[in-house]
Amino acid sequence: MTSATYWKFTTAVTPAEIEQALPKKLRCRVLEKSSRGLIVLDDFHWHIWQSGGLLTADPQQGLLNLSIAKEIPTVPYSPENRFWWQLPSGALSDHLRELLDLHAFVPKAECRLISEPLAIINSDEKIVTRVKLLTLNGENLPSSTFAEISPLRGYGDDYTVTLQALSLLSSVEVESFDLRTLLLAGGLHIDPPDEKDSFLLNPAEPAEAAICKMAKRMLVTARQYEQGIVEDIDTEFVHQYRVNIRKSRSLISLFKKTLSSERLQALKTELKVLGSRTNDLRDLDVFLLDEDYYREMLPAELQTGMTQVFTRIKRRRTMALKKVVASLQDDAYQAEVDHLFELFDTEPDWLSKQSQMPIQQLVAKKVLAQYQRICANGDIIDEQTPDEAVHDLRIECKKLRYLLELFSELFGKKKVKQLIRHLKGLQDNLGRFNDFSVQREFLSGLGIGKTISAEQLASINGLTAVLFNKQLHERSLVVANIDKFTAPGVRDEFQQIFALSDEESS
Amino acid sequence: MKVLACYSIKGGVGKTASAVNLAYWAAKSGYRTLLLDLDSQGASSFYFRVKSPVKKNWGKRLLKAYGEVLKQVKESDYKNLDVVPAHLSFRNFDILLDEIGKRKNRLSQALKGLKKEYDLIILDCPPTISRLAENIFNASDIVLVPVIPTTLSERTFEQLLKFFKQQDYSRKKLLPFFTMADGRKQLHRETATAMRKRYKYFLKHAIPYSTDVEKMGKYRAPIDIFARGRLANKSYFALWKEIESKLEG
Ligand SMILES: Nc1ncnc2c1ncn2[C@@H]1O[C@H](COP(=O)(O)OP(=O)(O)OP(=O)(O)O)[C@@H](O)[C@H]1O
Ligand SMILES: [Mg+2]
């Protein structure tokens, strides 16, 4: 038994036109007609779509539906809800948490789906073939009609005749019919930001050219997030904007010897200015995102003070955002960015030895040197060493992380990933250690000022104490983690991957 | 897979009307249902607007292999419901059965192969007590017997009981129910009461006399399609629910 086939009409088609195309003995009857509005939702990256799912809202019924491999119940839809945590808890919000985390889901396309089930009947008025017309009308989608044509058992001949008739109506067969294919065939444009983690580096490329090319790409990537910051869609836009600028800055300073001192100075200063504009906003975002985390640390009697603190921070965040938005829309900002691109695009100066070195060779040298430095610095850290040294080690680890991540394509991504996994254990530990001190510092900043209520102060002090204890605990794990990362096995792995033979490095 | 026959020795008692509406409700309740129109008159085929291709004597093949049955299946206009239309050659079932051999489980064997595709087979039977009838009794899990509450019908039902006893069929297969019951007629009321007393296994639900059943001929559809809210429709639905509980039990 053949199953249904799916067709797309290149021009709109009506039941009357279908009947006309059929042989006389068959007629076409409209069974019913219904239509519903449909809003396609996703985040900036199209995470839901990329995972094979589809999030849609029906504005009339006020329902939000996530279609994934298995069936999950719909939830009420309201345009104000843009994050998984704003939805009623349950399967749908759980899945969105997995797929989107901190990203907001926003309307991507709006359309109406008109469904028209038809019956092809014979002279006994017996249904011999079923046709379901689906028309997609969209504001930003071209209108298009699709048909699902289902044979009825025992009526194969009539099915064939119907298909022949429909082929006269300029239709083309399509693969299947879920809403995703329908939307795609109807012209939905999937446009995630460009975030490829590969730079298509040539191992022999001279370092100066390679570094400028990479740093420029990062700035281009960062700029993709500007609009989302302006629209304040979610906190990830600022975050990703900053991450890319920071990567660009680190790359420049890691390879400072490949650049002329004028170019280096200009790039360093300007990238720093670019990044620092969003410092306040990001700090406030981080604090606000951690609301639950902070509240869990405090006893009930200190919660009122905490509420006051958060109200204050939210106000400050609104102000900080305004400032960022204004600066992004400023002509001066545009000029800065233009200048940065100019700096990246200038012809290489080839002033230093390093500027002309093949990039692969230079990176290999740097990775080994950086690992050596971490081993040496780590070696002198014990339980009593002042925090300063631990913070410095964190920064050195971060540099190594950048080197490994940014250039993994030159050394085999799989092998490098393994090394990153080793590094990550130590980094996570150092990162938490640092987070606690940053949080304490942020909180102590909040405790200054005449307007601070006694309740707020009590909450802040309570939190600071808890954080201090957590930091002590984290500190107690550092030595063991350093030992793990500097163990002979890991050393060997670094040697194997990065100690290039002369042949390779030439 | 269960097999349900709508059977009576007597003609015109509502076998076909019952087969059609019960098949419809079974399908609507989610049973993958096949209605096999064994009556060469083709009444239930007519109600479902299906026709048999003009092929010679496929009745003979029907009795030989289920593969032949599957070839004749027509999908109805309703979800889950297929129909095997009647064929003129079905007139000669009895002769055929004689030719093929005296085995009484030919039909049963032909139906067995349908197990994978259907949950329920409903047989609309011609009014006969013959070799075909024996095949039907053998193949069926339940033999539904429409009984008009009149003296004459009571007698035919008794004949059927006797036949079952003689042939050693399990009486438990028999599920009689009243059709065309007319509450205004004293005779109907009295006969029904008396029979229910004697035969405790009569189904609780009865089908009243109703022009809506007759109208099936005009609309060529189950009653639910054109007289949804009417008593006859509700009665067939209730009857189906009662039968369903017996199928499950
Ligand atoms: N409950 C009812 N009320 C009124 N008329 C009915 C009812 N049931 C059946 N009829 C009518 O009685 C006639 C015979 O019914 P039906 O064809 O269902 O009986 P049958 O037992 O299948 O007959 P046959 O033995 O000829 O196959 C039909 O015209 C039908 O419309
Ligand atoms: Mg009949």
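How far is an oxygen atom of ligand 1 from an N or O atom in the side chain of D39(B)? The answer is 3.4 Å. The legends below describe a predicted model.

**View 1. The domains of chain A.** The domain assignment divides chain A into domain 1 (5-185), domain 2 (194-349) and domain 3 (358-506). Domain 1 of chain A and domain 3 of chain A have C-alpha centres 51 Å apart.

**View 2. The shell around ligand 1.** Ligand 1 is surrounded by 16 residues. The closest are G14(B), K15(B), T16(B), A17(B) and S210(B). Sorted by class, the shell holds 8 nonpolar, 5 polar and 3 charged residues.

**View 3. Helices of chain B at ligand 1.** Two helices of chain B, helix 1 (15-28) and helix 10 (211-214), each give at least two residues to the shell around ligand 1. Helix 1 of chain B makes the largest contribution to this shell, with 3 residues.

**View 4. Polar atoms facing ligand 1.** At A17(B), a backbone N or O atom lies 2.8 Å from an oxygen atom of ligand 1. At P208(B), a polar backbone atom is 3.0 Å from a nitrogen atom of ligand 1. At D39(B), the side chain takes part: one of its N or O atoms is 3.4 Å from an oxygen atom of ligand 1.

**View 5. Ligand 1 under cover.** How much of the area that ligand 1 exposes when taken alone does the protein bury? Alone, ligand 1 exposes 620 Å². The protein buries 79% of that area.

How values were computed: Residues are numbered from 1 along each chain as its sequence is written. Chains are lettered from A and ligands numbered from 1 in the order in which they are written. This is a predicted model: local features need pLDDT of at least 70, side-chain atom pairs count only at pLDDT 80 or more; totals for chains, interfaces and linings use all residues. Side-chain values use heavy atoms; hydrogens and water are left out. Domain bounds come from an automatic or database domain assignment. A residue is near a molecule or strand if one of its heavy atoms lies within 4 Å of it. A polar contact is a pair of N or O atoms within 3.5 Å; within protein, one must be able to donate a hydrogen and the other to accept it, and residues adjacent in sequence count only if both atoms are side-chain atoms. Accessible areas come from the Shrake-Rupley method with a 1.4 Å probe; for residues, only the protein chains shown count as cover. Helices (H or I, at least four residues) and strands (E, at least two) are DSSP runs, numbered from the N terminus. Ala, Val, Leu, Ile, Met, Phe, Trp, Tyr, Cys and Pro count as nonpolar, Asp, Glu, Lys and Arg as charged, and the others, Gly among them, as polar.
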